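Please read them with the coordinates open beside the text.

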There are 2 protein chains.
Amino acid sequence: MKRFSDGRILACAIAVVTSVFSLAAMATPQSGPGAGQSESAAPLFAAEIARSKAFVTEMMREGVNVPVPKDTGGGYTHEQHKRNYRAIYEAGRLYRLTGEKAYADFVRDVLIAYAQLYPRLGPHPARSNQQYGRLFWQNLNDAVWLVYAIQGYEEIRGELQDAERQRIDTDLFRSAARFLSEESLATFDRIHNHATWSTAGVGMTGYVLGDQDLVQRALLGSKLDGNAGFLRQMDLLFSPDGYYTEGPYYQRYALLPFLLFADAIESNEPKRKIFERRDGILLKALYTTIQLTYAGHFFAFNDAIKDKSLNTEELYQGVAIGYEQTNDPALLSIARQQRRVALSDAGRRVAIDVARGLSKDFPFQSLLLRDGPEGQDGAVVVLRRGDSESGQALVAKNTSQGMGHGHFDKLSWQYFDNGAEILTDYGAARFLNIEAKAGGRYLPENESWAKQSIAHNTLVVDGVSHFNGDALAAQAHAPRQLAYGNAANLSFSVARIDSAYAGVTFTRTLAMVGIEGLDAPVVADLLRIQSAGPHRYDLPLHYQGHLTRTGPVLKSYAAVRPVLGSDHGYQHIWMDAEASPTATDAFLTWQLNDRFYTWRWVPQAGSQLILGESGANDPSFNLRREPMLIHRLNAAGNAVFAGILETHGNDDPELEQTVASDSQIRSLSLVSRADADVLIIETLGGRRVAVAVSRETDAKRTHGLVVGDENIRWTGPVGSVVLRPADRS
Amino acid sequence: MKRFSDGRILACAIAVVTSVFSLAAMATPQSGPGAGQSESAAPLFAAEIARSKAFVTEMMREGVNVPVPKDTGGGYTHEQHKRNYRAIYEAGRLYRLTGEKAYADFVRDVLIAYAQLYPRLGPHPARSNQQYGRLFWQNLNDAVWLVYAIQGYEEIRGELQDAERQRIDTDLFRSAARFLSEESLATFDRIHNHATWSTAGVGMTGYVLGDQDLVQRALLGSKLDGNAGFLRQMDLLFSPDGYYTEGPYYQRYALLPFLLFADAIESNEPKRKIFERRDGILLKALYTTIQLTYAGHFFAFNDAIKDKSLNTEELYQGVAIGYEQTNDPALLSIARQQRRVALSDAGRRVAIDVARGLSKDFPFQSLLLRDGPEGQDGAVVVLRRGDSESGQALVAKNTSQGMGHGHFDKLSWQYFDNGAEILTDYGAARFLNIEAKAGGRYLPENESWAKQSIAHNTLVVDGVSHFNGDALAAQAHAPRQLAYGNAANLSFSVARIDSAYAGVTFTRTLAMVGIEGLDAPVVADLLRIQSAGPHRYDLPLHYQGHLTRTGPVLKSYAAVRPVLGSDHGYQHIWMDAEASPTATDAFLTWQLNDRFYTWRWVPQAGSQLILGESGANDPSFNLRREPMLIHRLNAAGNAVFAGILETHGNDDPELEQTVASDSQIRSLSLVSRADADVLIIETLGGRRVAVAVSRETDAKRTHGLVVGDENIRWTGPVGSVVLRPADRS
């Protein structure tokens, strides 16, 4: 992958990400706030304590309840053991914070009950494979239990009588750590997020029990050779830019055990300088996690539940641990947005400094995040204008497959504006924890729809998903990020993939272009296909909103809606209408909330437009019903799909005033030459701008071509050039 | 109409509405705040001034622009004249508030330009009927122009040179008032909301010009006999409970000219005691307007745009004028929610008192609002639990037709919870001010879908809308509100209509029943039909949310969706599935936001369930696509539809914890006897409650019947009785 800069195109993602904190500037963490500091100086923290007291008090009222493991996820014993580890953790913290003995006694009593139970447990009765737990049906949950429980135990261990301590040490924690690190090697020695939880639990237990052997196994793997274990996971599970290959939703989840264990390492072995390892990868990963959001919600590509936001335990802990390391006031603004802090000394510091008004806006910005341990496996590009609450954000998803939770959506994109997702990614077909929906697990429609290429804003060839829907094949081939640029008036991403379909290479340029006189930057999308053909190309655009104006003459399926196809996701699409657009009528306008969006494109000869909706062949009502448009080109070889998305107007229900509800662009045309494609945009106001895309990706190279009697010159792979105003006299 | 009270059933709506203010307690309005009071003491008002200055400054920068009228709504001259009246009004107010001469000069210059133009104008060139204006295509807009412009003029008139004043008085305002009150009698002398604007404009002009003739015409109608005019409108356009017959959306709109003119009357002729007229009808109407909201949004029945909220100019003025009259701190809480105040002395007082912390919660509550000038034409009943932001609200729409904007939805209902509309009313099929959607006017689908009975939660007989969709016939017959009750654990409405279909009488009881152990009250719906039959009965329920569990075995139309019918709205319904429910599987659960809702019913022998979605035969994408269920009973005579809506559970994406996502009710059964129907609800926890509905509506009468070996006794038309817990040992 190359990076580019000319006069206007700025630096690469690494610089962007690392700029928000500096290892040199890291403060030594304070050794906890003075006991004299009043909680009233930190209302966020006071609220955490109150919230936690309410929960723990209720748990204490219910009494110690450590049931013999029986149920799978969502069932009674499963949920009770989850509540227990939360109670152990929070009661331990409350004891430390308040000094009230009752909390310590409760932690002790619960742990003794576990110490009585644990040695009698074998493999969980509801296990479904070899990666089973003892307390829970899967090993992962046992590891999570250990991570939380050991933190609670740490707070009270010094208060115990020797016999109690020894019993809990031996029968419970050492036994649990042994189970994870000796009997569960299939999880423990993986380079995988589940193993991070496992090694974190074991390592943190090692520190608390003073057991260096456990610590070593956790850091270096069960063979103590460094080919597995926590340090190796740090080296392989994040890209050099701190991107986690499964995508933002799982990045959030993966982050927590990394940060918790690293925090423990820093406390116990500061000489390891764990937060500096690999150029500060863990803090990079924290910042990257936050950057991968819009209006507080994670970009929901790959398997992702769309309601997941920065308001999550992982990010309360992340902000606290990150702030302890960096003192970066931008993290305080995240805490302000969360209105929550971690129940820890670090969380208290965050709350105090928020109350002191030290917060600064988090620098949400355009950036390129390489994927893969070496940064060679594609990338995510985020292009932004304005803030992350109401401004524009474009996500170009040029990453590798991202393992089992990846979707077949190479070079797909999403667009956000005005606080909402405008061009959408379906995310996962899953109702997490909703018993009625397959017990809260991934639904069959996650495979049949959500993962399929047609469910994404990307090219589908011959009605077949990328890599023929084969995850193993997909995992072996990543797109190439060819270029990235970010300047005031033009930011862009160029990426290519030649492996999604045999004999088909496609290159997608996505650019955010500022045009004087328009409300918001225009997004230009130029997708060039090289192939001997003949193929059928489908290019969908999934959007949110209500169609207000449709340019082409529609053939409507108003009374009988055909289903678009029979497999690869097509079986889930109802057809609403078809059209054969022309150069002048190829646009659609829709409204979402108080704003309007127009997609306008350059129709290829013979191409069709299909308007559709998801939800066909969905007898269990597992899918959301969402609109889409599909560009279809039959029997083609080389081809270009070119379009622009315009964000315009305002609909004010309070004033009952609507402005610019129709497109502010008069025309769009495409000039394709041997070495470049040029989109020419003319606004209603008569402004004309060319967006030029070279086949060359050299950042320094200057290009030129003549359109009509105008010379268009630009440097680098993408340029935007203001042309002579339209003369319409 | 009767009202009922027994030990538990509380008083009627009048008492409820009048209780929130007291004529006796009305303060004399202050004569304006002292000039020394700093705006910093009233940040809401300071913000209004800043907002207004920004607008007026921009208008002054653009210069005086009074174009010759040409365009219809949304067009250039139309919008410019709208901006002008707003500028005249606000610049006048700014002059009064700041003393800055430039504002007065601008008002003068704009008005002189109007005075030059106005005498040359005839009927508007884009008029479409006899109720035309001169500045605008319809008379209404000219009246609105006058109401605003005269207020701005009033602020600067004293500053003018005699010649200027005389010219503006004569050529513009007297001329405009004459046009409305002499040449536009078809509007002016109606008993109609448009005439309210017209009389308000004329009367306010009369006060400012010192022209008693104009005032008299405005108050008493053009014939000065009191059969028309403002006072007569006050007597006829609101019911005794302050309900405006067109429904909440238009009530809001109708309110403003009433309050503005009344405010002027109060200032100029306090001896009229206009705010005391008809038992304080105008303030009642204000309070009723606010009561007809949930989470700040108006109940959207009849023609209504759903995004219309309390954040609207009508309610800024309403709160200010109302507060001036009542000093009711509950109105301050509305201003707090609006975060806006009127740009007037009264608005300033509101802002100051909000800043002083004098605000108290507005008493949103259950109430009965009679419809019709005498209160004889049906009613709206609102049943509430909890606050209006997150609590439960049920709206029983038992009103008269409500003129041309009425829908064919007798005895329909809506339900709100958790900040959202759960059981919905489609509102109007209209995209206000969106040029692409029929120029922002009502769409054809407003007639073909939004007004039709099947688009509402009410009974449809033989596939035909109420009154066969004939608005004149509908206007002649209102339902009868038979009973209303409101106690802590049981509130209800009983209403009947016998005129919607020949030979069919139906009576609907809607009750909110508290049941121990459940998260929220259960809504019981019992609809009893008396008819010789045979008829086909359809009872739809339109809901918002995603189906999570469907009880009955479904026959799915997963790949070909039939359209349900060909007219009366049925042509717009896609069928998703059908079922023949049984007593044990007759329920559906859906999720909206973080909560779950289960509709459970007692299926009649041979009845069907249809799951459908709006959007068929909608080639222009004018309809929202929304789910519904329809109960269908063929070839029936007398019949009972009985069901309950349960609000349950919580889905917390932050904690990733879901509780009670499935129904907490084990069973529902119906016992019908000659004189009563009893719904028996049993919860999973074993609690059993009977909801008993007598055919008698006498509030004092006590009823009893035996079910199994249990005696059920209650007083009044509806009772809820706790039965013996289930014995499931």
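This is a predicted model: local features need pLDDT of at least 70, side-chain atom pairs count only at pLDDT 80 or more; totals for chains, interfaces and linings use all residues.

1. The axes of helix 3 (residues 76–98) of chain B and helix 4 (residues 101–117) of chain B cross at roughly 145 degrees and come within 8 Å, and the crossing of helix 3 of chain B and helix 4 of chain B is left-handed. On the side of helix 3 of chain B the contact includes His81(B), Asn84(B), Ala87(B), Ile88(B) and Tyr95(B), while helix 4 of chain B contributes residues including Lys101(B), Phe106(B), Val107(B), Leu111(B) and Tyr114(B). By class, the contact of helix 3 of chain B with helix 4 of chain B has 13 nonpolar, four polar and one charged residues.

2. A second pair, in chain A, can be described in the corresponding terms. Helix 13 (residues 313–326) of chain A packs with helix 14 (residues 329–338) of chain A at an angle of about 160 degrees, their axes lying 9 Å apart, which makes helix 13 of chain A roughly antiparallel to helix 14 of chain A. The crossing of helix 13 of chain A and helix 14 of chain A is left-handed. Among the residues that meet are Leu315(A), Tyr316(A), Val319(A) and Gly322(A) from helix 13 of chain A, and Pro329(A), Leu331(A), Ile334(A) and Gln338(A) from helix 14 of chain A. The residues of the contact of helix 13 of chain A with helix 14 of chain A comprise nine nonpolar, three polar and no charged.

3. Turning to the nonpolar cores, the largest has 118 residues, of which Trp145(B), Tyr153(B), Phe173(B) and Phe261(B) touch the most other members. Helix 11 (residues 248–268) of chain B gives the most to this core, with 13 residues. Apart from residues up to four places away in sequence, Phe173(B) touches Leu111(B), Trp145(B), Leu146(B), Ala149(B), Ile150(B), Tyr153(B), Ile168(B), Thr205(B) and Leu209(B). A second, separate core of 117 residues includes Met59(A), Phe106(A), Ala254(A) and Leu343(A).

4. Which residues touch Thr245(A), leaving aside its neighbours within four places in sequence? The contacts are with Leu237(A), Asn302(A), Asp371(A), Ser400(A), Gly402(A) and Met403(A). Thr245(A) lies in the loop between helix 10 (230–236) and helix 11 (248–268) of chain A, and Thr245(A) is buried, with a relative accessible area of 15%. The C-alpha atoms of Thr245(A) and Ser400(A) are 7.2 Å apart in space, although the two residues are 155 residues apart in sequence.

5. The backbone deserves a check at two peptide bonds. A cis peptide bond joins Gly533(A) and Pro534(A), with omega about -10 degrees, and Pro534(A) lies in the loop between strand 12 (522–531) and strand 13 (535–542) of chain A. In chain B, the peptide bond from Gly533(B) to Pro534(B) is cis, with omega near -10 degrees, and Pro534(B) is found in the loop between strand 12 (522–531) and strand 13 (535–542) of chain B.

6. Finally, two residues with positive phi should be noted. Asp279(A), a residue other than glycine, has phi near 60 degrees; its place is in helix 12 (residues 277–291) of chain A, and at 47% relative accessibility Asp279(A) counts as partly exposed. Asn617(A), which is not a glycine, has a positive phi of about 50 degrees. Asn617(A) is found in the loop between strand 19 (608–614) and strand 20 (627–636) of chain A, and at 27% relative accessibility Asn617(A) counts as partly exposed.

Methods
Residues are numbered from 1 along each chain as its sequence is written. Chains are lettered from A and ligands numbered from 1 in the order in which they are written. Side-chain values use heavy atoms; hydrogens and water are left out. A nonpolar core is a set of buried Ala, Val, Leu, Ile, Met, Phe, Trp, Tyr and Cys residues joined through side-chain atoms within 4.5 Å. Buried means under 20% relative accessible area, exposed over 50%, partly exposed in between (1.4 Å probe, protein chains only). Helices (H or I, at least four residues) and strands (E, at least two) are DSSP runs, numbered from the N terminus. Contact means heavy atoms within 4.5 Å. Axes are lines fitted to C-alpha atoms, for helices over the stretch in contact, and angles run from 0 to 180 degrees between N-to-C directions. Angles under 35 degrees count as roughly parallel, over 145 as roughly antiparallel, 65 to 115 as roughly perpendicular and the rest as oblique. A crossing is left-handed if the near helix is turned anticlockwise from the far one by less than a right angle, and right-handed if clockwise. Ala, Val, Leu, Ile, Met, Phe, Trp, Tyr, Cys and Pro count as nonpolar, Asp, Glu, Lys and Arg as charged, and the others, Gly among them, as polar.
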